[in-house]
Amino acid sequence: MTRGAVLRLGRNEYPATARLVMAIVNRTPDSFYDKGISWAEDAALDRVRMVVDQGADLVDIGGIKAAPGAEIDAEEEKRRVVGFVERVRAEHPDLVISVDTWRSEVARAVCAVGADLINDAWGGADPELPSVAAEFGASLVCTHTGGVTPRTRPHRIEYDDVVQDVRSSLLRQAERAVSMGVERERVVIDPAHDFGKNTWHSLEVTRRLDELTTLGWPVLVSLSNKDFVGESLDLPVGERLTGTLAATALCAWHGAQVYRVHEVVETRQVLDLVSVVAGELPPARTVRGLA
Amino acid sequence: MSQSVVVVPSAPFLLPEYTGRTDAAADLRARAVAAVRDAAAADGASGVVLVVATDREQRGTRPPLGQRVGAHLAALAGVAVEGVVTVAWDAPAAECRALGEQPAVGSADATLVVVADGSARRGEKAPGHLDERAFAVDEALLGALRAADPEGLLALDPVLCADLLVHGRAPLQVAAAALAGRPGLAALDVHAEDPFGVLHVVATLAAP
């Protein structure tokens, strides 16, 4: 069964074997991992410069943390991200810019200033989002959340078969996006670990990720420092990098194509190692036993 | 009509299937290809004859590495391989001499490309670790090439060379026998390097 699919982001086209690093850039004061380190716009711009230097293929800019918290309305979300996207675009004309938002109003504003990808982390909560991507020729991430309300935690959710639920939800959303005018090669699917899922669900999705990578759509995974890693290893935020990287390697072996991460350098190494083992990328330099 | 002899390395990292994203052998390969191309052009030869050793440890069914590397370098140089002379890597000097004296080798209307290396024991990190004797033997090999002295090559000791992982002694002696007594034989260029503990040689000798 063929894994992955050709993916188009901005002006770039990536083959099914590409493994891309999407660096998280939070314009939030309260995200779980970085605790507001790039809340100030200049600090966020510094982070963009750093991750680009580290080899990130794209950045994912978000103005609202995923967990419950103070309500951020669309106006405030736009204040946090639109001007910032504009500055990033001006400074990095070739960088693929993603914005993490579920609101079509915000998506329209960021696409107008140069965003290439709308990362709809809340599973189509705003049904108009694909029409914005279509209007601007942008790419779109469709996610599985089990239908929960944005910024809520899963509580006592059960599925007969979580992977089947993910599969049918993502296929429905992806086909709907295409029917609304989003170019087929610009649609990405994300099972959304920990969104609408307990740790058992996220582990099963990881174990059976090949059932998603063979659907004919590029798969994005967002694993970085999440609770399913923490609960698997009994480790708090701040001590989950090794576990994150192990999960990253497994998803890479299954054929995921985009990795939304905090740590770019480590992720790049893991992905390159998997690509090299898979025979999809030559080793960097080989001399041992060959001189 | 002149006949040239070109010495090129037999290192597998010269082959595309062993090349990583950064090509560790780019400069060496370019130098070897240029030497083959220039010699064949100077000779006005229709092609080249490869002189190669068998692999020291034959594990599969593929032709010897030396033959594959030589053929690849010839292809990059844009010259045809018209023949391959294969000598056992551990053949006694007398056997090498007899092979080189055969008309098919010495008087072929083709440039000889000898695929050969010096010792692989030239450092702590070398494939065969460090053996201090390697330097003198390699110097004797290089000195004979620089002096265009076939008898110097034929005097290399097969047992010592085997000990020092010199993977070019036998084919060099075959070529030396083919050149012996050739008037006007001269070394045009002898380049040697050992960044990985193995002596790689790119050399061109020519007889008018």
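Predicted model: local features only at pLDDT ≥ 70, side-chain atom pairs only at ≥ 80, totals over all residues.
1. Chain A holds an open sheet of eight strands with parallel pairing, in the order β8-β7-β6-β5-β4-β3-β10-β9. At its edges stand β8 (187-190) and β9 (220-222) of chain A; each has a single partner strand, so one side of each is left without a neighbour in the sheet. On average, and with direction ignored, neighbouring strands are turned by 25 degrees against each other.

2. For a detail of the pairing, have a look at β3(A) and strand β4 (residues 58-62) of chain A, which run in the parallel sense and share five bridges. Here N26(A) is found opposite G62(A) in β4(A).

3. Helix α2 (residues 74-91) of chain A lies across β4 and β5 (96-100) of that chain. The angle between this helix and β5(A) is about 170 degrees.

4. The largest nonpolar core counts 77 residues, and A23(A), V85(A), V110(A) and I118(A) have the most contacts inside it. Strand β3 (residues 20-26) of chain A gives this core its largest share, six residues. A second, separate core has 74 residues, among them L141(B), L153(B), A177(B) and A206(B).

5. Which residues does V110(A) touch, leaving aside those up to four places away in sequence? They are V81(A), V82(A), V85(A), V99(A) and A115(A).

6. Between the chains, the contact draws 11 residues from chain B and nine residues from chain A. On the chain B side, eight are nonpolar, two polar and one charged.

Methods. Residues numbered from 1 in each chain as written. Chains lettered and ligands numbered in written order. Core = buried A, V, L, I, M, F, W, Y, C linked by C-beta atoms within 7 Å. Buried ≥ 20, exposed ≤ 12 C-beta atoms within 10 Å, placed from the backbone. Helix = DSSP H or I, 4+ residues; strand = E, 2+ residues; numbered from the N terminus. Contact = placed C-beta atoms within 7 Å. Nonpolar A, V, L, I, M, F, W, Y, C, P; charged D, E, K, R; others polar. Pairing = 2+ DSSP bridges. Axes fitted to C-alpha atoms, helices over the stretch in contact; angles between N-to-C directions.
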